Every structure is written in C-alpha cells, then in structure tokens.
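Hi,

Here is the structure I promised to pass on. Have a look at it first, and then read my notes below.

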Amino acid sequence: MKKNVMLLETIADEALAVLKEHVHVFTGYDAASQESVLASTEIHAVITRGKMKVDDALMAACPQLEVVARCGVGLDNVDVAAASARKIRVVNAPGSNAGTIAEHTLGLMLMGMRDLFASIDHVKKEDWNWRNQYAGDELGGKTLGILGMGNIGKRVARLAEAFGLNVVYWSRSEQELPYKYLPMQEVLQRSDIVSLHLPLAKGMENLIGKAELAMMKPGSLLINTARGALIDHAALLDALNEGTIAGFAADVLPDEPPVQSLSLVQHPRALVTPHSASLTATTYRKMCVYTINNVVALLTGREPEQESVFNRNSFV
C-alpha cells in the first residue's frame, strides 16, 4: 500500500514525478491546507524546502509520521531534536550546494574587490568617465582567510587558488589540508578577505562582533554566504561607517527579507544578494531529486544513502 506524503512547498518537477510514482502526494502550502489534509489523512512523511517550518506541533499532529525531509542542506526550519525524540528520521541533502555556494562566494569577492557593481551602475547612468576615479583591485596575490573548512569552505579554497589567492583558515578542528591553519584571531589579522563558511551552532551567534572586526585590515572585505546571525550586524554597520573594513558582501542576513538590516543592505560599501546562492536550476534539481529518492527509499522499505539521514545516530 502506498504511503502518504505532505509537501509544504513546491519541489522540482523531476523529483515530484518520482514521489508521485511511489506515494500519495498531498499539498499543505499554508496552515489552512495543512489542517484540511491532516483532518482526513494519515501522513507518513512531511517534506519542506527552506521556508515552511516542521516543528513539534506539526509532528504531533501526524502520529504516523516516519520521515521529515528538507530539500536542502541547512535544517534551521526543522526541529531535529523533536524529530529524534519521536524516532522520526530527518532527511536532507548534505553537500549538494557546495559548488554553487562556492561559485557565489567567489562572485561576491570579485564584485567587492573590483568594485564591479559600482562600475556597471555608472556605465548604465552614462557616466563612462567614472573610470577616471576607479580604485578597484584584484584577487591575485591577496590572502583569503576562510572561517569554517567544511564542504563549502574546501570548495572555496580550491577556487581561490585558481585566482592566485593565498589561503589560510580557521575551523573548529585542524585538518590535513594544503592550507595553513591559524587561530581565528590571526586569520582575521592577516587576511585581505575573510569568508565565513560555518554552521550556526550553539554559541556561534555574533561570532564576528566589534572586537573581531577591529582585528581586520582597514582595506579588507568580509564575505558571508553561511548564516546571517554569525555576524553582529550593528557592529558591522559601525565598522563600515568608520572605515574599519572596506566592504561587506553577503547572501544571508539575520532577518530575511531585511527590516532591521535595511541600513546595512543600502550601505554603499555593502553588496547583498537575496539568499539566492543555492537557487540555480542545477542545484535546485539536484537537492530535490536526492532528497526525494531517499524519502522514497525509507517509505518503501529500502535503504537510503546513509549520509542523507541527518539524525541517523539517534537510531543506532
């Protein structure tokens, strides 16, 4: 007998076709539709992407729930602890966004270092002579400090080498890598560009605050494609206003869309994209198909790829 799955958000067409082949699919794109589905259907899996939350209350409303899945990597919108306590497997797509986020990170570095956004904007405004005051620089020969050397950090490091950057790093543990491991303070002090690639683990909020920003070179750039809350944005705005650092570029903010961060977004030395680094067609499809294949495996009695079950240690 086919089991029942509730989608909280849309997924790639190819992934949806796989899902429909093996299970009954219901949609709960808002609270009213979720309530309607749950009133008449036993749900065995709930699948979300990045916006809709799967909290303990929703799990409690699905007593037959076996799997909670996110078509993505981070699990900020899933209560993993509650799922583990209920013996519900949590599925995600680890590593699937490393390439696209690394590319986005290098794009932000290039835009910041070469002042590309301003260059393009002035040409669009028919101000060709702005080139006479152009003061951009290049990546080659600069030092890139990476904070967090996971899948994405490693990918960024390899791309950075191709641009001629000297890579140093700090992570929660030293690894066998062809890059110099340094204490975080020294990475901040030495680097022309600092790029964050850390998870938002407990105690990591505002990792980069006033004191850390003061350690950075006056002409340096800070890049964040990890989690917005890793940085104290009030301190960052002060640092940009005071010239403590030269610029900031990010794909993530502590509030999305920005409200409290609006002054930072509009700052002339800040470049912010709308959390879009993983939204390329290639990565979107890859994350959805990988996640759905593993959800289907669990619901049909087959073995999923081991690393796809985030809380697998809870079932040992």
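Helices (H or I, at least four residues) and strands (E, at least two) are DSSP runs, numbered from the N terminus.

Before you go on: this is a predicted model, where local features need pLDDT of at least 70, side-chain atom pairs count only at pLDDT 80 or more, and totals for chains, interfaces and linings use all residues. Residues are numbered from 1 along each chain as its sequence is written, and side-chain values use heavy atoms, leaving out hydrogens and water.

Two strands pair if DSSP finds at least two bridges between them; β10 (residues 221-224) and β11 (residues 247-250) have four, in the parallel sense. Look for L222, which stands opposite F248 in β11.

Next, find R70 in strand β4 (residues 67-70). R70 is buried but has no salt bridge: E9, the nearest side chain of opposite charge, is 6.7 Å away. Buried means under 20% relative accessible area, exposed over 50%, and partly exposed in between (1.4 Å probe, protein chains only). A salt bridge needs a side-chain nitrogen of Lys or Arg within 4 Å of a carboxyl oxygen of Asp or Glu. Lys and Arg count as positive, Asp and Glu as negative, while His and the chain ends are not counted. The R70 side chain does reach the backbone oxygen of R49, at 2.5 Å.

Most residues other than glycine have a negative phi, and most peptide bonds are trans. E126, in the loop between α6 (116-124) and β6, has a positive phi of about 65° and is exposed at 76% relative accessible area. H275, between β12 and α12 (281-299), has phi near 50° and is partly exposed at 36%. The peptide bond from E256 to P257 is cis, with omega near -5°, and P257 is in the loop between β11 and α11 (262-265).

Cheers

Terms used
Polar contact = N/O pair within 3.5 Å; in protein donor to acceptor, adjacent residues only side chain to side chain.
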